[in-house]
Amino acid sequence: MDMNKTMDSFQTEWYELQTLGKIKPDGIQVVPDAYTQNQNLQTELNSACRALEKSQVQCVKAQEECIKVRKERDYHRMHHKRLEQEKECLVNEIQRIKKRCSSYEPSMRQLQEKYKTAMKEKMLTKLELERTAGQIVGLQSTLCSIDPKQIVVGQKTESYDKEPHYMSPIGKTSISIRKSDERETSQIHARDSEFPSDSIVNPFLDKELRAAPNLLTVEGFRLSNVIQAHEMAVSKLALHPVQQMLATASDDQTWKLWSLQPDVQLVMTGRGHSDWISDVDFHPLGNKLATASGDSTVRIWDLGAEECILKLADHTQPVWGCAWHFSGDFIASCSMDSTTKIWDLNSERCRTTLRGHADSVNSVMFLPYSNIVGTCSADKSISLWDVRTGLCAQTFYGHHHSCNDVTFSLQGDLMASCDSYGVVKLWDARAATTLATVDVGPYPANNLAFDPSGSVLAIASNDETVKMYHVKTEKVSVQEGHEDAVQAVLFDGAAGEYLLSGSYDATVRIWS
């Protein structure tokens with residue numbers, strides 16, 4: 001390129017030649033810098049070395065994790081094999097137990113039949129014993145009316161200074177054994193009320209009662225209102241016989257009175273019991289309220305005066321239920337002490353103690369417009385009693401677990417009962433026969449209520465639902481909404497247009 005100048009003027013000479021066009025454009029290139037390239041290569045090499053180190057660390061961690069996973073896999077394989085062996089052993093054991101149980105079934109059926117026969121014989125023996133005891137009392141009164149010192153034998157009169165042998169007390173009978181318990185029945189008080197005669201006819205017997213239209217539809221009832229009623233579980237509900245008012249009982253030792261129309265409002269709160277309240281019931285006129293409690297008492301409250309006017313405390317253990325007689329002069333209560341008591345409100349005393357159940361009596365209810373009261377017990381039986389004589393008129397067997405509740409239809413022809421395994425039985429109260437059996441378990445059925453027509457039975461269940469059993473179709477529908485076990489159900493007494501339910505979630509819910 002004929003570059004004759006020094007290196008100091010290299011740049012000037014270069015641009016001059018480029019301006020004159022003596023340097024070809026393709027010959028103009030950047031002079032490579034070996035130091036710069038070496039530095040860039042060194043930087044890349046360092047980055048690659050650091051990435052390699054990180055990869056090696058990650059590879060070591062992955063190898064450790066892989067070894068750990070393999071160990072866990074081997075452990076789970078071994079555990080799975082052991083579980084399969086245990087499962088096989090359990091299956092074999094279950095099959096062996098099933099075979100053994102199937103061999104016991106004939107014996108169990110025979111024992112059940114013997115048990116039913118024995119219970120029936122027991123009740124017959126008890127009735128015969130009561131009849132004999134009554135005859136003994138009659139004979140004693142007859143003998144007492146005879147003058148023991150003047151006895152005519154043929155034509156001769158003999159005098160005795162000592163009392164003859166037939167005037168001596170008779171040995172231990174059912175009357176003498178239970179004399180202290182039934183002293184109230186042998187004494188007559190001036191203020192005692194008289195039981196109504198059997199000539200009274202149920203006014204609903206000849207009426208054609210129909211279920212509410214929405215109750216028989218596919219949709220059924222729907223939740224329409226929620227009342228935050230108490231601080232603890234709601235145990236029982238009762239509707240006022242005249243006004244749209246609701247009474248609630250709770251485990252918080254209080255009962256409350258609510259107005260349902262036009263809006264739900266709290267009217268009154270009752271305090272006085274020292275333990276949970278298990279039941280509540282209105283007087284037929286609606287001016288009084290009865291409550292049963294775990295403190296072993298039944299209290300009568302005057303709603304006008306807002307105070308307790310009577311305390312009935314003859315039970316020795318917690319009282320589970322109470323029910324008014326349609327006359328309003330008597331009230332029945334049942335207790336864990338295996339007895340049912342009939343109280344006279346005028347003389348303020350126990351008129352009759354009904355004994356016969358072998359375990360806690362869990363529910364009591366009067367047959368509408370009659371002197372018959374129904375009870376159910378943890379001894380798996382249901383009994384009907386004549387409160388005038390204190391005798392058991394009929395006992396129903398069929399439940400295999402503790403009976404929780406018994407109820408009657410408004411016309412009095414149907415009776416329903418439920419037990420702690422969710423089995424509900426429908427009975428013909430007059431023919432003493434089973435009409436239907438429905439299993440809504442395995443959760444306990446706690447309370448029952450017929451609608452006014454007797455065509456639908458509401459069931460309070462421990463699975464947080466209310467079940468509706470249709471008597472004619474034998475179908476069961478479910479009402480969901482509560483957040484805990486349902487303890488009480490109740491239809492409105494007029495037309496059955498809405499349903500009330502109380503629960504362990506401390507609420508009362510209205511379905512319509």
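**Sheets, a cavity and cysteines in a predicted model**

Biologist: How many bridges join β8 to strand β9 (residues 288-293)?

Modeller: In this predicted model, β8 and β9 run antiparallel. Valine 280 stands opposite threonine 291 in β9. The number of bridges that join β8 to β9 is five.

Biologist: Which residue in β27 does tyrosine 469 stand opposite?

Modeller: Strand β26 (residues 465-470) runs antiparallel to β27, and five bridges join them. The residue in β27 that stands opposite tyrosine 469 is valine 476.

Biologist: What is the volume of the largest cavity?

Modeller: The structure holds one cavity of 30 Å³ or more. Residues that line the largest cavity include Met119, Lys122, Asp379, Trp385 and Cys392. The lining divides into five nonpolar, five polar and two charged residues. The volume of this cavity is about 60 Å³.

Biologist: Which element gives the most to the lining of the largest cavity?

Modeller: At least two lining residues come from each of α2 (34-144), β18 (382-386) and β19 (391-396). With three residues, the element that gives the most is α2.

Biologist: Is cysteine 392 buried or exposed?

Modeller: Cys392 is one of the residues that line the largest cavity. A residue counts as buried under 20% relative accessible area. Cysteine 392 has 7% relative accessibility and therefore counts as buried.

Biologist: How far from cysteine 403 is the nearest cysteine sulfur?

Modeller: A disulfide requires a pair of cysteine sulfur atoms within 2.5 Å, and by this rule the count comes to zero disulfides. Cysteine 403 is accordingly in no disulfide. At 0% relative accessibility, cysteine 403 counts as buried. The nearest cysteine sulfur belongs to cysteine 376, at a distance of 5.6 Å.

How values were computed: Residues are numbered from 1 along each chain as its sequence is written. This is a predicted model: local features need pLDDT of at least 70, side-chain atom pairs count only at pLDDT 80 or more; totals for chains, interfaces and linings use all residues. Side-chain values use heavy atoms; hydrogens and water are left out. Buried means under 20% relative accessible area, exposed over 50%, partly exposed in between (1.4 Å probe, protein chains only). On a 1 Å grid over the protein atoms alone, a cavity is a set of points where a 1.4 Å probe fits but cannot get out, and a pocket is an open set with protein on both sides within 12 Å along at least five of seven lines; lining residues have an atom within 4 Å of a point. Grid points are joined across faces, edges and corners, and a volume is the space filled by probe spheres set on the points. Helices (H or I, at least four residues) and strands (E, at least two) are DSSP runs, numbered from the N terminus. Ala, Val, Leu, Ile, Met, Phe, Trp, Tyr, Cys and Pro count as nonpolar, Asp, Glu, Lys and Arg as charged, and the others, Gly among them, as polar. Two strands pair if DSSP finds at least two bridges between them.
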